[in-house]
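Subject: Structure handover

Hello,

Please find the structure below, for your files. My notes on it follow.

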Amino acid sequence: MSRATTKKAARKTAAKHKQGSAKRLSPREIEELFSRLAELNPAPTTELEYRTPYELLVAVTLSAQATDVGVNKATRKLFPVAHTPAQIAALGVDGLKPYIATIGLFNTKAANVVAMAQQLLEKHGGEVPRTRAELEALPGVGRKTANVVLNTAFGEPTIAVDTHIFRVANRTGLAPGKDVRAVEAGLEKVIPRHYLQDAHHWLILHGRYVCKARKPDCPHCAIRDLCRFPDKTPGEPVPAVR
């Protein structure tokens with residue numbers, strides 16, 4: 001292997017692990033970080049539209065590799081027609097597809113949502129279970145979806161690590177990790193208990209609107225001075241507006 005090729009490989013390896021190697025924030029800095037996010041948004045919540053735990057479960061299941069905006073457009077048409085497990089099961093896969101056809105992977109999602117409805121009827125009396133194990137046993141439900149439902153519908157202090165939270169945790173130095181489970185465990189360990197219930201939403205919204213993947217809006221970032229990310233977008237800091 002040539003020297004140039006070796007250097008190129010080394011750069012690629014360094015870039016690959018760059019997110020997980022950020023210097024960690026101190027407990028004092030973490031307290032300050034969440035204090036600022038809480039001041040800007042005292043009552044954060046999901047941007048998915050729902051009225052019941054079951055509607056939230058369906059919406060989160062549909063949101064995989066899709067935007068909340070796109071899911072909301074679909075569920076605004078679906079939920080007035082079918083918003084309970086019995087109604088979704090009666091609709092069937094072919095009946096459900098037209099309502100969610102604008103969402104990515106809608107064929108697979110339709111099959112999962114109908115199978116989920118049937119399992120809820122058969123094993124849970126049509127109610128959404130309140131444990132992670134029971135939720136993850138449902139078709140189409142993984143750990144992230146289960147954590148969202150536990151947190152948002154049932155008030156459990158869980159952290160659902162999506163791409164936004166994974167990015168923010170690594171860039172800032174809040175809880176660097178090489179995979180989502182490592183980041184989830186890290187966040188649960190370092191986030192102060194009094195912020196844990198809402199931390200999930202604060203971090204998602206921060207990643208979605210400020211700490212964006214391609215060009216983070218560092219000048220408008222309320223935690224810029226705490227963040228360990230070395231490649232901040234240049235520009236004079238702009239005071240955060242509540």
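Which helices each supply at least two residues of the lining of the largest pocket? They are helix 4 (68-78), helix 8 (143-152), helix 9 and helix 11 (193-209). Before going further, please note that this is a predicted model.

Overall fold

The protein has 242 residues, and 45% of them are buried. Its secondary structure consists of 11 helices and zero strands. Read from the N terminus, the order of elements is therefore α-α-α-α-α-α-α-α-α-α-α.

The largest pocket

The volume of the largest pocket is about 500 Å³. Its lining comprises 24 residues, and those closest to the centre are Ser63, Asp68, Asp162, His164 and Arg208. Helix 11 provides the largest share of the lining, with six residues. Sorted by class, the lining holds 10 nonpolar residues, nine polar ones and five charged ones.

Asp162

Asp162 is one of the residues closest to the centre of that pocket, and it sits in the loop between helix 8 and helix 9. Asp162 is buried and has no salt bridge. The nearest side chain of opposite charge belongs to Arg208, at 4.9 Å. The side chain of Asp162 does reach the backbone nitrogen of His164, at a distance of 3.1 Å. His164 is likewise listed among the residues closest to the pocket centre.

Arg171

What is the nearest side chain of opposite charge to Arg171, and how far away is it? It is Asp231, at 8.1 Å. Arg171 belongs to helix 9, which spans residues 163-172. Arg171 is buried and has no salt bridge; with the cut-off at 4 Å, Asp231 at 8.1 Å does not qualify as a partner. The side chain of Arg171 instead reaches the backbone oxygen of Ala213, at 2.7 Å.

Lys189

Is Lys189 buried or exposed? Lys189 has a relative accessible area of 74%, and because the threshold for exposed is over 50%, this residue is classed as exposed. Lys189 lies in helix 10 (residues 180-190).

Regards

Methods
Residues numbered from 1 in each chain as written. Predicted model: local features only at pLDDT ≥ 70, side-chain atom pairs only at ≥ 80, totals over all residues. Heavy atoms only, no water. Helix = DSSP H or I, 4+ residues; strand = E, 2+ residues; numbered from the N terminus. Buried < 20%, exposed > 50% of the residue type's maximum accessible area, 1.4 Å probe, protein only. Lys, Arg positive; Asp, Glu negative; His and termini not counted. Polar contact = N/O pair within 3.5 Å; in protein donor to acceptor, adjacent residues only side chain to side chain. 1 Å grid on protein atoms, 1.4 Å probe; cavity = no way out; pocket = protein on both sides within 12 Å on 5 of 7 lines; lining within 4 Å. Points joined across faces, edges and corners; volume = space filled by probe spheres on them. Nonpolar A, V, L, I, M, F, W, Y, C, P; charged D, E, K, R; others polar.
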